[in-house]
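Open your viewer and keep the selection tool at hand. We will go from stop to stop, with something to select at each one.

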Amino acid sequence: MPKISIKAEIIFHLFGYSITNSMIASAIVFLLTIFIALYFKHQSTLKKKENFYYLIKFFVKSIYDLFFSVLGEKTTVFFPILFAFFFYILLENWFGLLPGVGSLLIKVKEGHEEILVPLLRANTADLNTTIALAIISVFSIQYFSIKYLGVKKYLHKFFNFSDPIMFFVGILDILSEFSKVLSFAFRLFGNIFAGEVLLTIVAFLVPVLASFPFIALEIFVGFVQALVFSMLTAVFLSNAIVEHH
Amino acid sequence: MSTEAMKLLSVAIAIAVGAIGPALGIGMIGSKAVEALGRNPEAESAIRTTMILALAFAEAIAIYALVVALILKFA
């Protein structure tokens, strides 16, 4: 039975910083995302386009239509950040399912003894990543709220002294902004990490063929979680930029 | 009872109790979605999207319990 670790393992140290296996994976996915974006931009200027361009375009179009049903004509403003969330999380989730990620082990010195740790780890199965993504999401919601409502109306949403009930609701609203970070982070982390554990355990119970339906399930879960993360951001955004009554 | 046995028991209780609520929720969402589909078959894609979003919300509650259970088991 392999050892399952909740936190990402440290691979090496660079200028005093610990580089973990999930950071290496995230660097690869990050470069891949940029590469696909540049490829898409380059292909869109050409007259004769490759098939892969149309595949990505189909993806972008379907996601755009989905967000349009939530945000209406404001979709053009928010689509870049929402699709960036969707695409990055999708690639990270699916990267964790590739053969070799989590199963390639290397020797690392910890204290005095050498231990085996996986070289790569699905990035969203590391709580640090999902908390970072959640903080970016919630801060962008606050930013767009201030931008569309103005500082005064934004603060009025949370500090309302007109009557005691509204005052209490305001305090609850402040709390709910913080709990958004937690719920975003734990939802993504829990789903992907649980998937990793499930795949590992099934592979050790029945080595042949039994993992296949679970991998298909995890591909679906990775897609749904990426969609849920960006969709929730869209829903919260659409609530945040209209005036409170 | 030894500490190890207590730990395993708490893991089992955490996920078992934590899965009751989401299980009921997911069942309700599914039944209501099928009902809505029966009344209005043209709205299939809209119903499916909303249903999957709501399912993900309900599932997230179970995932919180699962995270707690995993932390108890492996950390």
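Helices (H or I, at least four residues) and strands (E, at least two) are DSSP runs, numbered from the N terminus. This is a predicted model, in which local features need pLDDT of at least 70, side-chain atom pairs count only at pLDDT 80 or more, and totals for chains, interfaces and linings use all residues. Residues are numbered from 1 along each chain as its sequence is written, while chains are lettered from A and ligands numbered from 1 in the order in which they are written.

**Stop 1: chain B**

Select chain B, and you will find two helices and zero strands. Its C-alpha trace spans about 60 × 20 × 10 Å along the principal axes. The radius of gyration is 17 Å, whereas a compact globule of 75 residues would have one near 11 Å (taken over C-alpha atoms, with a globule rule of 2.2 Å times the number of residues to the power 0.38).

Next, colour chain B by burial: 15% of its 75 residues count as buried. A residue is buried if 20 or more other C-beta atoms lie within 10 Å of its own, exposed if 12 or fewer, and partly exposed in between, with C-beta atoms placed from the backbone.

Now select residues 10-72 of chain B, where UniProt, in an unreviewed entry, places the feature "domain: V-ATPase proteolipid subunit C-like". UniProt positions are given in the numbering used here, feature names are shortened, and annotations may be inferred rather than shown by experiment. This span is 94% helix and 0% strand, and its end C-alpha atoms lie 8 Å apart.

**Stop 2: where the chains meet**

Show both chains. The contact takes 13 residues from chain B and 15 residues from chain A; two residues are in contact if their C-beta atoms, placed from the backbone, lie within 7 Å. On the chain B side, 12 residues are nonpolar, one is polar and none is charged. For these classes, Ala, Val, Leu, Ile, Met, Phe, Trp, Tyr, Cys and Pro count as nonpolar, Asp, Glu, Lys and Arg as charged, and the others, Gly among them, as polar.

**Stop 3: the largest nonpolar core**

Which residues touch the most other members of the largest nonpolar core? Select Phe86(A), Ile89(A), Phe189(A), Phe229(A) and Leu66(B), out of 48 residues in that core. Such a core is a set of buried Ala, Val, Leu, Ile, Met, Phe, Trp, Tyr and Cys residues joined through C-beta atoms within 7 Å. H7(A) gives the most to this core, with 10 residues. Zoom in on Phe229(A): leaving aside neighbours within four places in sequence, Phe229(A) is in contact with Phe85(A), Ile89(A), Phe184(A) and Leu188(A).

**Stop 4: helix H1 of chain A**

Select H1(A), which has 25 residues. Its buried residues include Asn21(A), Met23(A) and Val29(A). Show what covers the buried residues of H1(A), including strand E1 (10-14), H3 and H4 of chain A.

**Stop 5**

Select Ile201(A), in helix H6 of chain A. Ile201(A) counts as partly exposed because 14 other C-beta atoms lie within 10 Å.

Finish at Leu209(A), in the loop between H6 and H7 of chain A. Leu209(A) has a positive phi of about 65° although it is not a glycine. Is Leu209(A) buried or exposed? Leu209(A) counts as exposed, because it has 7 C-beta neighbours inside 10 Å.

Methods
Expected span 1.5 Å × (residues − 1).
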